[in-house]
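This report is an introduction for a reader who is new to the structure shown below. Please keep the sequence and the model in view while reading.

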Amino acid sequence: MASPTGTTEAPFGHMLTAMVTPFTADGAVDYPAVRRLAVYLVDEQRNDGLIVSGTTGESPTTSDEEKQRILSTVLEAVGDRATVVAGAGTNDTRHSVELARAAARAGAHGLLVVTPYYSKPPQEGLYRHFATVADSTDLPVMLYDIPGRSGVPIQTATLIRLAQHERIVAVKDAKGDLFAGSQVMTMTDLAYYSGDDVLNLPWLSVGAAGFVSVVGHVVGAQLARMIELYRDGDVAEALAVHRQLAPVVEGIMMSAGGAIMAKAALAMVGMPVGPVRSPLVAETERQNAELRACLVAGGVKLTDT
C-alpha cells in the first residue's frame, strides 16, 4: 500500500507521533482505544504519520499477534490519510524479518527498524542486519539510531553505506549529533527525522524532514505548525512555538519519560489510554503534579479534574 502522505523529501510525511499502545485496566490491549487514539492523533493533533509498536508503544512487552492487530486497527482507522509505519526492529535479525513481513502483509506503509539492542554488534553486523530486513519486503525503511537504548550508534560510514539500499530511505535520529547527521544528509538522499523532542527545531535547521515525536500525543498540532512555519521561512515564529512547547517537552521527556508520561499526559487531556505494562510503572504523584504544571505552562488545555 502506498503512503498517503509521503513525498520524495519526506517519505513518511512530516509530523509523526510514536504512538503509545492503550491497555485495559487488566493489561490487555484496548483495541477500541487504539482506534480512538489513532483518529485523535491524525484528526485533532495533525499528524500525517504514525509509528506503531515502537519503543513508546511498549513493543518489548507486546506479542507478535498483538502487534499485528494493533497495526491492522490503526490502518483501518487512519491508513487512508496518514502514513502508518510499523516497528519491526528487534535484536534478532530473523525475528525482525518475520515482523517486517507480517507488517507488509497487513498493509503497513513503511518499517521502523531500530539498532539491535543489548547485543552491541559491530558496524558490519549492523549493516547486515538492516540490509537483511530491508531485503525482506518491498516497504521503505526508516532506520532508528538511538545509542542511549541500543548501546551502539550507527556510524556515519555505515549510514552512508546503508543509503545505497533502495528501500532504506530515512533515519530517525536520537543520537543527537547534528553535525554527523548533516554529513549524512550532504552525502546521501536519506531523509532525517528528529527522534528527540528536545532537538526538534535544531534538526529542522540542518535539513531534517520532520519529527517522530512523543510529545506529539498532546501538542502534535503545534509541532506541525512549527514545521510549516520553518519551511515557509518564518524562523522567528517557529522559534516562538519551540519556546512555548519547552515546558511540555520537559514534563514528558525529562522525568519518567516515554510511554509513562505520554500516557499520563493523554489522560489529562481527556484521552485516557490505560496503564503501562511491567517492567514500566506508573508515574509517581510528584511526577504527575510536575507534568500537570508543565502542560499548563506550555498552553495545553487539560480536561480532567
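Which side chain meets that of Arg 286 in a salt bridge? The partner is Glu 290, with N and O 3.1 Å apart. A salt bridge here is a side-chain nitrogen of Lys or Arg within 4 Å of a carboxyl oxygen of Asp or Glu. Arg 286 and Glu 290 both belong to helix H12 (residues 285-297), and because they are 4 residues apart, about one helical turn separates them. Arg 286 is exposed, at 65% relative accessible area, whereas Glu 290 is partly exposed, at 39%. In these terms, buried means under 20% relative accessible area, exposed means over 50%, and partly exposed lies in between (1.4 Å probe, protein chains only).

## Basis of the report

The model is predicted: local features need pLDDT of at least 70, side-chain atom pairs count only at pLDDT 80 or more, and totals for chains, interfaces and linings use all residues. Residues are numbered from 1 along each chain as its sequence is written, and side-chain values use heavy atoms, with hydrogens and water left out.

Helices (H or I, at least four residues) and strands (E, at least two) are DSSP runs, numbered from the N terminus.

## The barrel

A barrel is closed by 8 strands, which follow the order S1-S2-S3-S4-S5-S6-S7-S8 with parallel pairing. From one strand to the next, the twist averages 25 degrees. Two strands are taken to pair if DSSP finds at least two bridges between them. Strands of a sheet pair through backbone hydrogen bonds, either parallel or antiparallel.

Strand S6 (residues 168-173) pairs in the parallel sense with strand S7 (residues 191-194) over 4 bridges, and Ala 170 has Ala 191 of S7 as its bridge partner. S7 in turn runs parallel to S8, joined by 2 bridges; here Tyr 193 stands opposite Gly 210 of S8. Between S1 and S8 there are 3 bridges, again in the parallel sense, with Phe 211 of S8 as the bridge partner of Met 15.

In a regular strand the side chains alternate between the two faces of the sheet. In S8, Gly 210 and Val 212 point one way while Phe 211 and Ser 213 point the other way, and all are buried.

## Helices around the strands

Helix H9 (residues 216-231) lies across strand S1 (15-18) and strand S8 (210-213), and runs at about 160 degrees to S1. Axes are lines fitted to C-alpha atoms, for helices over the stretch in contact, and angles run from 0 to 180 degrees between N-to-C directions.

Helix H2 (residues 64-78) contains 15 residues and reaches 21 Å from its first C-alpha to its last, close to the 21 Å expected at 1.5 Å a residue. That expected span is 1.5 Å times one less than the number of residues. Among the buried residues of H2 are Ile 70, Leu 71, Val 74 and Leu 75. The buried residues of H2 pack against helix H1 (31-43), strand S2 (49-52), strand S3 (83-87) and helix H3 (93-106).

Helix H10 (residues 235-253) packs with helix H11 (residues 258-268) at an angle of about 120 degrees, their axes being 8 Å apart. H10 is therefore oblique to H11; angles under 35 degrees count as roughly parallel, over 145 as roughly antiparallel, 65 to 115 as roughly perpendicular and the rest as oblique. Gly 251, Ile 252 and Met 253 of H10 make the contact with Gly 258, Met 261, Ala 262 and Ala 265 of H11. Contact means heavy atoms within 4.5 Å.

## A buried histidine

His 129 is located in helix H4 (residues 123-135). At 3% relative accessibility, His 129 counts as buried. Not counting residues up to four places away in sequence, His 129 touches Thr 90, Asp 92, Thr 93, Ser 96, Val 113, Val 114 and Pro 116.

## Further salt bridges

The count of salt bridges comes to 13. One of them joins Glu 9 and Arg 231, whose closest N and O atoms are 2.6 Å apart. This pair links distant parts of the chain, since Glu 9 lies in the segment before S1 and Arg 231 in helix H9, 222 residues apart. Glu 9 is partly exposed at 46% relative accessibility, and Arg 231 is partly exposed at 47%.

Arg 81 and Asp 80 form another salt bridge, with the closest N and O atoms 3.2 Å apart. Arg 81 is partly exposed, at 32%, whereas Asp 80 is exposed, at 61%.
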